[in-house]
Amino acid sequence: MQNYKRKITYFYQYHNGNVGSTAGFLKLEIRGDKVKIIINIQEPSGLPFKEASLYFYHEAGDHLAAIKVDEIESKNGILTYQNRTDWQQIFDTGRDLYTFDGVAVVYNDSHYYIGDFKDRDRRDYALVKKERRQEDKSNTVREEIPKKPVAGEKTPTEIAAKQDILSEISAGQNREETEWFQEQLEDLPEEKQQREARQQETEKENEQRKREKEHNIEAAVELSPQNETADNMKTIVDSLFGEQDSDLKNNTVRSGNEKDVFEKCEECPYHKKHLERQEQVDVFEKMIQEYPKLPMYGATELFDCVRIHPKDIGKLDMRNWKLGVNSFLTHGFYTYQYLLLGKMRFDDGSEHSIIGVPGVYSNREKYLANMFGFDQFIPVKKTGVKTGEFGYWIVEISPYLQ
């Protein structure tokens, strides 16, 4: 059976730097070597545009580098698109699907839609349109006898290739492309010889330093008595390690009264992670305080409730991230354009953090909700009869970062 993967991302409207509500969806379906791309965007009324351009983009520092792949026609106020391409070679761009961060549907520089694969807010990123890499023109037929190269002289092809690579690097490509160009540059004969010569020279210098240091250490051990004082040991360390090793020097020589030989390295990743955990902010409580409040009316079990989007789930503990692709949740959000984040007081008196999906109670809806993990329904109004009442389908979550 062919490998099958699917991802659904929502489009958000960007107009003059402002981000609007969801405008449609992007669906990617990978089967084997092919990816099927489905786009559906509901346009605002009164737009004069007849078509838009389809771009795939990747984050490049402070902007989004976008590569145009196709056009999308507007029909009856809807932008629809469906196509297939190789996921390892998206529309012959020279990049595979996983090197891109999202899709942009563009009318012009001030009005476009962003569908980010990781649901990131891109309002601070400028959308910069990039040209595709130049195609290999080596197959072009020319009636010309090739000139025999002189020994040590680069051929016109090598010169042109090197100039193309240097121009691409100077144009400000992202890190992956720059590394690729540098690798190509290193494969040119002259550059390769110079690199090998520099490498051999560096290895000789390192070997010489190593022999000198070993000789100095042996001489210091022979000359120093067993009862060497701390001051004399500092002198020996000064002679063995130059100024460039001052940090190591300072941490090596210690008085006998101290417990630790080395101070804790402030740059140690484990130490940094420990500090981050100590100083981390309770993201859930911060969202409860800052996000738009939701009135609960008669639903007294629910309190401290705010309005969120599916992309906000990514700010919570990673154990909750699977809800971002929960079909019942995404269906409810697409219908009502918001989700509920808050707290619920259960019958036993305990309080838990929850996410709620807005909906209307029915037996069919209850069956679907239970199937996707939403096993409780809280109506906003208490009428005694749930059927036909508006409320929220509830699931408990883990609110705190680990």
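Modeller: Tyr367 is found in helix α9. The model discussed here is predicted.

Biologist: Is Tyr367 buried or exposed, and what makes it so?

Modeller: The relative accessible area of Tyr367 is 57%. Exposed requires over 50%, and therefore Tyr367 counts as exposed.

Biologist: Which residues make the nonpolar surface patch?

Modeller: Tyr367, Met371 and Phe372 make a nonpolar surface patch of about 340 Å².

Biologist: Where is Glu365 found, and what is the nearest side chain of opposite charge?

Modeller: Glu365 is found in helix α9, which covers residues 363-371. The nearest side chain of opposite charge is that of Arg364, 4.2 Å away.

Biologist: Why does Glu365 have no salt bridge?

Modeller: A salt bridge needs a nitrogen within 4 Å of a carboxyl oxygen. Arg364 is 4.2 Å away, so Glu365 has no salt bridge, although Glu365 is buried. Leaving aside neighbours within four places in sequence, Glu365 is in contact with Phe328, Val360 and Trp393.

Biologist: How many salt bridges are found in the whole structure?

Modeller: A search of the whole structure gives 13 salt bridges. One of them joins the side chains of Arg123 and Asp121.

Biologist: What makes the pair of Arg123 and Asp121 a salt bridge?

Modeller: The distance from N to O is 2.7 Å. The cut-off is 4 Å, and therefore the pair counts as a salt bridge. Arg123 has 44% relative accessibility and Asp121 has 35%.

Biologist: Why is the pair of Lys343 and Asp304 called a salt bridge?

Modeller: From N to O, the side chains of Lys343 and Asp304 are 3.7 Å apart. This value is within 4 Å, and the pair therefore qualifies. Lys343 lies in strand β11 (residues 339-345) and Asp304 in strand β10 (residues 302-308), so the pair ties together parts that are 39 residues apart in sequence.

Biologist: Are Lys343 and Asp304 buried or partly exposed?

Modeller: Lys343, at 16% relative accessibility, falls under 20% and is therefore buried. Asp304, at 38%, counts as partly exposed.

Biologist: How do you know that Asp312 and Lys315 meet in a salt bridge?

Modeller: Their side chains give an N to O distance of 3.4 Å, which is within 4 Å and so meets the definition. Asp312, at 7% relative accessibility, counts as buried, whereas Lys315, at 41%, counts as partly exposed. Elsewhere, salt bridges that share partners join Glu59, Asp116, Arg120 and Arg122 into one network.

Biologist: How do you know that strands β4 and β5 pair?

Modeller: Strand β4 (residues 51-60) and strand β5 (residues 63-75) are linked by ten antiparallel bridges. Pairing needs at least two bridges, so the two strands pair. Ala52 stands opposite Ile72 in β5. Their hairpin has two residues between the strands, and Gly61 takes a positive phi near 70° there.

Biologist: Which strands are joined to β5 by five bridges and by two bridges?

Modeller: Five bridges join β5 to strand β9 (residues 126-130), and these strands run parallel. His63 stands opposite Ala126 in β9. Two bridges join β5 to strand β6 (residues 78-86), which run antiparallel. At least two are required, so this pair also qualifies. Lys75 has Ile78 in β6 as its bridge partner. In the hairpin of β5 and β6, Asn76 takes a positive phi near 55°.

Methods
Residues are numbered from 1 along each chain as its sequence is written. This is a predicted model: local features need pLDDT of at least 70, side-chain atom pairs count only at pLDDT 80 or more; totals for chains, interfaces and linings use all residues. Side-chain values use heavy atoms; hydrogens and water are left out. Buried means under 20% relative accessible area, exposed over 50%, partly exposed in between (1.4 Å probe, protein chains only). Helices (H or I, at least four residues) and strands (E, at least two) are DSSP runs, numbered from the N terminus. Lys and Arg count as positive and Asp and Glu as negative; His and the chain ends are not counted. Contact means heavy atoms within 4.5 Å. Patches are made of residues with over 30% relative accessible area and no salt bridge: like charges are joined within 9 Å, nonpolar side chains (Val, Leu, Ile, Met, Phe, Trp, Tyr) within 5 Å. Accessible areas come from the Shrake-Rupley method with a 1.4 Å probe; for residues, only the protein chains shown count as cover.
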